[in-house]
Amino acid sequence: IDYTGTDPSSPCNKCLSPNETPCVCTINFTLEQSFEGNVFMYYGLSNFYQNHRRYVKSRDDSQLNGDPSALLNPSKECEPYRRNEDKPIAPCGAIANSMFNDTLELFLVGNESDPTPIILKKKGIAWWTDKNVKFRNPPGGDIPLEERFKGTTKPVNWVKPVYMLDSDQDNNGFINEDFIVWMRTAALPTFRKLYRLIERTNDLHPTLPAGRYYLNITYNYPVHSFDGRKRMILSTISWMGGKNPFLGIAYIAIGSISFLLGVVLLVINHKYRNSSNTADITI
């Protein structure tokens, strides 16, 4: 579901104006087939080059791992998002500063007067190694998280500081899973990142039955200035995993090129081998 809003008829077109803050828009859509099993909700971005070398390096892994010294003295790789108002930025760097911050809510329109909200699970979307190894909050035991980040300031483009990302302390600060997912940079300019999980609760009923739905969007993230696009994706997985045509296409292309090169080299070898073997050698 594309909700960039560049089409004048789109409900999100009004949100392109910088004066509309905060801006909420609603996209209606229909599921033709039911979704069985667990459903994965992604946000997708296009024309966003997270693979730019300076962008990828613009972070401090020691700071993200909770090192107190790196918290107050971030790496120079984070420039120009290292300090603001003479305070160190936590988390520093361009990746963190550009974190996706739209809010997506999904509703089933079973009854016009009383739509059913779909429960979106926000934990369990990050890699286990990221959540439990690479990202840690500053040490402090029972000290409130705000105190542990004392002396730092929020990234320039953020509305809230890092210790207010979530009311759940197991999903707050540097271990917030939305933040962790964003910090794992994409290899291609068109990508998707896992946003929420919709878990199946009843084996007798599909997770998302066929029917009419609407997506409620709190539109914050600007992409129009660089001709980017935003979309919401609902997907499931089979026993073979999720749908990813890139690897299949890459294997077929490389295999075809290798086969053609093999044929060309075979022809060259067959044509010139006899003449080289029978050449007279004179001393």
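Cys25 first. In this predicted model, Cys25 has a relative accessible area of 2%, under the 20% cut-off, so Cys25 counts as buried.

What is Cys25 bonded to? Its disulfide partner is Cys12, with the two sulfur atoms 2.0 Å apart. The torsion about that S-S bond is about 80°, so this disulfide is right-handed. The pair links distant parts of the chain. Cys12 sits in the segment before strand 1, which runs 23-31, and Cys25 sits in strand 1 itself. They are 13 residues apart. Cys12 is buried too, because its relative accessibility is 0%.

Next pair. Cys15 and Cys23 are joined by a disulfide, S to S 2.0 Å. Right-handed or left-handed? The torsion here is about -70°, so the Cys15 to Cys23 disulfide is left-handed. Both of these cysteines are buried.

Now the last pair on my list. Cys78 and Cys92 form a disulfide, again with S to S at 2.0 Å. Cys78 lies in the loop between helix 3 (68-72) and strand 3 (83-84). Cys92 lies in the loop between strand 4 (87-88) and helix 4 (94-97). So the bond ties together parts that are 14 residues apart in sequence. Burial, quickly. Cys78 has a relative accessible area of 0% and is buried. Cys92, with 2%, is buried as well.

How many disulfides does a search of the whole structure find? Three. And the pattern?

Note on methods:
Residues numbered from 1 in each chain as written. Predicted model: local features only at pLDDT ≥ 70, side-chain atom pairs only at ≥ 80, totals over all residues. Heavy atoms only, no water. Disulfide = S-S within 2.5 Å. Helix = DSSP H or I, 4+ residues; strand = E, 2+ residues; numbered from the N terminus. Buried < 20%, exposed > 50% of the residue type's maximum accessible area, 1.4 Å probe, protein only.
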